[in-house]
Amino acid sequence: MRKSHPIRRVVLAGAATVSGIVLLLSLKPATDPASAQAVGGGAPPAAASPQGGAQAAGSGTVTGDAAQTQYGAVQVRLTVSNGKITQAEAVQAPKGGRSDQITANAVPKLNQSVVAAQSAAIDAVSGATYTSKGYKESLQSAIDKAKASAGSSQGSGSQGSGSQGSGQGSGAAQARTVTGSVARTQYGPVQVRITVAGGKITKAEAVQAPSGGQSTNITGNAVPKLNQAAVAAGSADIDAVSGATYTSAGYKESLQSAVDQAGG
């Protein structure tokens, strides 16, 4: 009995060793990197898609209404990117004689001030009081238009990705304004702005027209008729108003420019 006892202990020890090895082998796959990756533990988290959150704000140019001054019209155009004014320029400014020198000196300074201030709260340039005042007036108009455009874009964007039918309907009804180039006439500049919705002209107006003396009466009579004719015709193919030949010709020229910009 005493001789067999050591043997029994050896057998039991061997069995314990084998059992331990089996347990270790059975636990090894759980710590295998391949198995961990298969259940998602080792896989890197999915990167957030940049498409939704980092969309840049719309960019483009906006032209303010022409401001009439004692020495001529002033009109400002802005370039906006990501909600900031990146460039300002005067597409119209007083010219001729002394005005050429004043404009050449004042306008570049005003343009720089706008980009720096990002608003119409800019100082007038010394020696160019009237030009500065007209510049700021047209500038404010351009800023107001840019804000209105941004608001309408955000409104349409917040609709989400709903049904295509509703998106097409709102797109067709969306209106936008387009300002034609200035047409020079014997009695003064004429410039037309139109509102277009659904591919049709819904409104026409003259932001510039001859004024002073008899021209004021002629403009007051002719422009409303020309505005109505533009909406009715949906194009620049309209008749001149009797007694306002020059104003009518300038109106049609600027109207055609606006229609071309609108894509029609």
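Predicted model: local features only at pLDDT ≥ 70, side-chain atom pairs only at ≥ 80, totals over all residues.
Residues are numbered from 1 along each chain as its sequence is written, and side-chain values use heavy atoms, with hydrogens and water left out.

Q: What makes the pair of Y71 and Y130 edge-to-face?
A: Rings of Phe, Tyr and Trp (its six-membered ring) pair if their centres lie within 6.5 Å; planes under 30 degrees apart count as stacked, over 60 as edge-to-face and the rest as tilted. The centres of Y71 and Y130 are 5.5 Å apart and their planes stand at 70°, so the pair is edge-to-face. Y71 lies in the loop between β2 (67-69) and β3, and Y130 in helix α5 (residues 129-157), 59 residues apart. Helices (H or I, at least four residues) and strands (E, at least two) are DSSP runs, numbered from the N terminus.

Q: Why is Y71 called partly exposed?
A: Buried means under 20% relative accessible area, exposed over 50%, and partly exposed in between (1.4 Å probe, protein chains only). Y71 has 47% relative accessibility and therefore counts as partly exposed.

Q: What makes Y187 and Y246 an edge-to-face pair?
A: Their rings are 5.4 Å centre to centre, with 70° between the planes. Y187 belongs to the loop between β6 and β7, and Y246 to helix α8 (residues 245-262). Y187 is partly exposed at 47%, as is Y246 at 42%.

Q: Which residues line the second largest pocket closest to its centre?
A: A pocket is an open set of points on a 1 Å grid over the protein atoms alone, where a 1.4 Å probe fits, with protein on both sides within 12 Å along at least five of seven lines; lining residues have an atom within 4 Å of a point. The second largest pocket has a volume of about 230 Å³, a volume being the space filled by probe spheres set on the points, which are joined across faces, edges and corners. Of its 17 lining residues, Q68, G72, A73, R184 and P189 are the closest to the centre.
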